[in-house]
Amino acid sequence: MEIMYVYTRKRSEFGRPCSFSDRPAKVSVDIPPDPGMASGFVLRNPVDSAVQHTSDMSEHEVNTERVEVESRGVNHVEGGWPKDINPQEVEQTIRFRKKVEKDENYVNTIMHLGALMEHCVKQNNAINIYEEYFEEEEMAELEDEPPSAKTINVISKLTSFFDVLLSKRDPNVTKRTATHLSWHPDTCKKLAVAYSSLEFQQNTKDMSFDSYIWDLENPNKPELVLKPSSPLVCLEYNPKDSHVLVGGCYNGQLAYWDTRKGGLPVELSTVEVSHRDPVYGAVWLQSKTGTECFSASTDGQVLWWDIRKLSEPTETLVLDITRKGLRENALGAVTLEFEPTMPTKFMVGTEQGIVIACNRKAKTPSEKITSTYSGHHGPVYALSRNPFYPKVFLTVGDWTARIWSEETKESSIMWTKYHLSYLTDGCWSTVRPAVFFTTRSDGTLDVWDFLFKQKDPSLSLKVCDEPLASLRLQDNGCVVGCGSKLGTITLLEISSGLCTLQRNEKTLATAMFERETKREKILEARHREMRLKERARSEGQGTEEEERPMESPQEVLDRARRDFFEVIEAELQRRAQAETHRPPSASQLKNHAGEEAAAKGEESQLPRDEEEEEEDA
Amino acid sequence: GIPIRTTLDNSTSVQYAGLLHQLTMKARSTVRDIDPQNDLTFLRIRSKKHEIMVAPDKDYLLIVIQNPCE
């Protein structure tokens with residue numbers, strides 16, 4: 001529909017002056033709304049209409065090409081002198097200086113600046129403005145923030161495509177596990193990592209034997225490449241001399257390096273007297289010369305060495321718990337532990353799940369082994385003493401981590417729940433007595449705070465998708481490095497709540513450990529009593545006891561299988577019930593915050609618990 | 001910059017002169033970037049061991065190194 005307004009004027013009237021006059025508004029066209037068209041539209045209420053008075057902007061992402069940075073030094077020469085003056089010539093410089101001193105501008109400037117400077121210097125002399133004025137108030141802070149950790153650096157051995165194309169050497173295509181990490185003792189800016197493939201006979205021909213020392217400032221290129229004759233399984237810095245490292249090789253030899261001398265080992269132990277299996281643990285000893293170390297391997301031997309003379313070990317010990325010193329009965333060692341404050345004692349974790357405590361200074365070999373602690377179902381992958389309480393130590397193996405006290409030999413005093421994946425490594429925190437870290441084979445790092453919560457880790461972080469193989473805490477307790485199966489090292493910084501000592505922590509931790517130790521002792525005593533009673537009773541009924549061991553192996557097997565499946569089914573049912581149990585109780589809580597709801601919830605829970613008990617029994 | 005008059009040994013003076021000259025330039029340009037009417041009058045750097053005070057001028061710099069009074 002067209003709206004038109006027609007205006008006509010006679011041609012003879014063109015050019016006449018216009019006389020404008022005001023008149024009120026007049027409606028030219030009025031178009032009423034047509035209700036018939038309303039059916040073509042749908043009512044929309046509310047209507048969102050954005051009004052903005054800014055310029056339109058668009059966002060783009062740009063990924064820059066990766067730049068390889070290299071540190072170089074620059075040599076400065078003295079500059080700033082005018083062209084005609086040679087800075088090496090003393091006379092010329094002296095002459096120039098004297099000339100400048102006579103310059104009036106110079107004199108004025110100095111007077112002016114001098115006054116200004118004097119004012120500030122006097123200020124400084126009068127009062128120290130940067131003093132800590134409110135020191136007492138800082139202690140009142142409580143750590144409310146939830147524990148967290150953040151990754152600060154990821155060192156991956158996989159080099160960029162650049163190197164693959166341009167380098168002449170073989171790039172490390174086969175990924176090897178980072179089996180052991182060791183921080184530099186003083187600066188903690190360097191990390192020595194041992195790489196090897198622990199899969200049995202999986203070594204491919206192009207797998208390199210090198211292990212690296214990384215500088216944290218440069219995660220792209222290792223600072224030093226260590227070239228042993230066979231891959232290193234473990235590597236440790238000497239705590240006294242930070243240039244010396246000892247490494248245990250896959251073929252059982254021990255080698256030591258001096259970082260000042262380069263990447264080849266300074267000396268290698270002779271093959272005949274070394275271990276016959278990979279050296280899983282090598283630890284430096286506390287000695288006056290600072291050159292003694294000892295190593296353990298799955299061939300059942302613990303050997304002591306002086307690195308000045310690696311041609312033969314100074315001492316050997318066969319890990320035979322029957323104390324006969326027979327190689328055949330020996331248990332393979334997987335970890336070693338040594339506490340510098342107790343130089344004669346050390347502990348070995350074995351493949352069979354037993355921890356052996358040994359005394360080095362015993363006179364006969366049979367007395368060297370003082371006690372054994374068994375409790376793990378699989379190899380003990382990590383063993384470490386609590387830095388605050390040397391009698392308490394942590395073992396990590398199979399699916400749990402256990403805390404033991406040296407006095408109770410029957411069982412551990414505290415343990416974590418059974419996880420779904422293997423635990424591969426663990427260590428105590430160096431600053432907090434009740435905190436420790438564990439790594440799992442599903443790539444998770446757990447931080448446990450036993451004073452806070454014992455059932456679950458306080459912090460559980462998924463570090464990577466592949467299993468984590470090793471873990472090492474820096475001496476300051478804040479940074480932890482973990483190595484994975486494919487050779488990636490991740491450095492994480494723990495939140496300060498987990499690495500600062502809380503107020504009563506030491507006393508609380510002492511109390512906790514003592515309480516648990518006492519509990520275990522009581523249990524042990526009770527077990528012993530019960531066993532004595534059983535023995536006394538069985539001696540009275542001699543013949544009846546003999547019938548039980550006559551069960552045939554087949555029956556034992558069937559019985560074991562039946563028990564096993566019953567336990568699994570009970571667990572599955574319990575889990576299914578727990579899941580269906582959760583929604584009803586959640587909705588009840590939502591309706592009321594009243595006691596009735598809570599009471600109802602309890603009532604419905606009670607019959608369920610009874611059902612579960614019946615099924616479990 | 002070149003040291004005209006100094007109470008320290010030559011090498012240290014040269015080092016201080018060169019480095020602090022650049023730092024003062026940078027500090028001055030920062031102050032002026034934020035507010036063009038502003039200018040740097042004094043620069044104080046307090047470190048663990050000393051306090052370094054720099055008074056800049058158009059042509060010259062006066063540098064004083066002081067031990068804090070703790």
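**Packing, cysteines and charged pairs**

A: At 8% relative accessibility, Leu473(A) counts as buried. Please bear in mind that this is a predicted model.

Q: Which strand holds Leu473(A)?

A: Leu473(A) belongs to strand β26 of chain A, which covers residues 468-473.

Q: And what is Leu473(A) in contact with, apart from its sequence neighbours?

A: Beyond four places in sequence, the contacts of Leu473(A) are Trp183(A), Cys427(A), Trp428(A), Ser429(A), Thr430(A), Phe437(A), Val479(A) and Val480(A). Thr430(A) is 43 residues away along the chain, yet its C-alpha atom and that of Leu473(A) are separated by 7.8 Å.

Q: Cys427(A) is on that list. How many disulfides does a search of the whole structure find?

A: The search finds zero disulfides over all chains.

Q: Now the largest nonpolar core. Which residues touch the most other members?

A: That core has 18 residues, and those touching the most other members are Leu394(A), Ile403(A), Met414(A), Trp428(A), Phe436(A), Phe450(A) and Phe513(A). Two or more residues come from each of β19 (392-397), β20 (400-405), β22 (423-428) and α6 (505-540) of chain A.

Q: What does Phe436(A) contact?

A: Setting aside neighbours within four places in sequence, the contacts of Phe436(A) include Leu394(A), Ile403(A), Cys427(A), Trp428(A), Trp448(A) and Phe450(A).

Q: Changing topic: how many salt bridges are there over all chains?

A: The count comes to 18. One of them joins Glu118(A) and Lys122(A), at 3.3 Å from N to O. Both residues lie in helix α2 (residues 104-126) of chain A, four residues apart, about one turn of the helix.

Q: Is Lys122(A) buried or exposed?

A: Lys122(A) is exposed, with a relative accessible area of 52%, while Glu118(A) is partly exposed at 45%.

Q: What about chain B?

A: Glu51(B) forms a salt bridge with Arg46(B), with the closest N and O atoms 2.3 Å apart. Glu51(B) is buried at 1%, whereas Arg46(B) is partly exposed at 26%.

Q: Which residues are linked in a network of salt bridges?

A: Arg515(A), Glu516(A), Arg519(A) and Glu520(A) are linked in this way. Between Arg515(A) and Glu516(A), the closest N and O atoms are 3.8 Å apart.

Key: Residues numbered from 1 in each chain as written. Chains lettered and ligands numbered in written order. Predicted model: local features only at pLDDT ≥ 70, side-chain atom pairs only at ≥ 80, totals over all residues. Heavy atoms only, no water. Disulfide = S-S within 2.5 Å. Core = buried A, V, L, I, M, F, W, Y, C linked by side-chain atoms within 4.5 Å. Buried < 20%, exposed > 50% of the residue type's maximum accessible area, 1.4 Å probe, protein only. Contact = heavy atoms within 4.5 Å. Salt bridge = Lys/Arg side-chain N within 4 Å of Asp/Glu carboxyl O.
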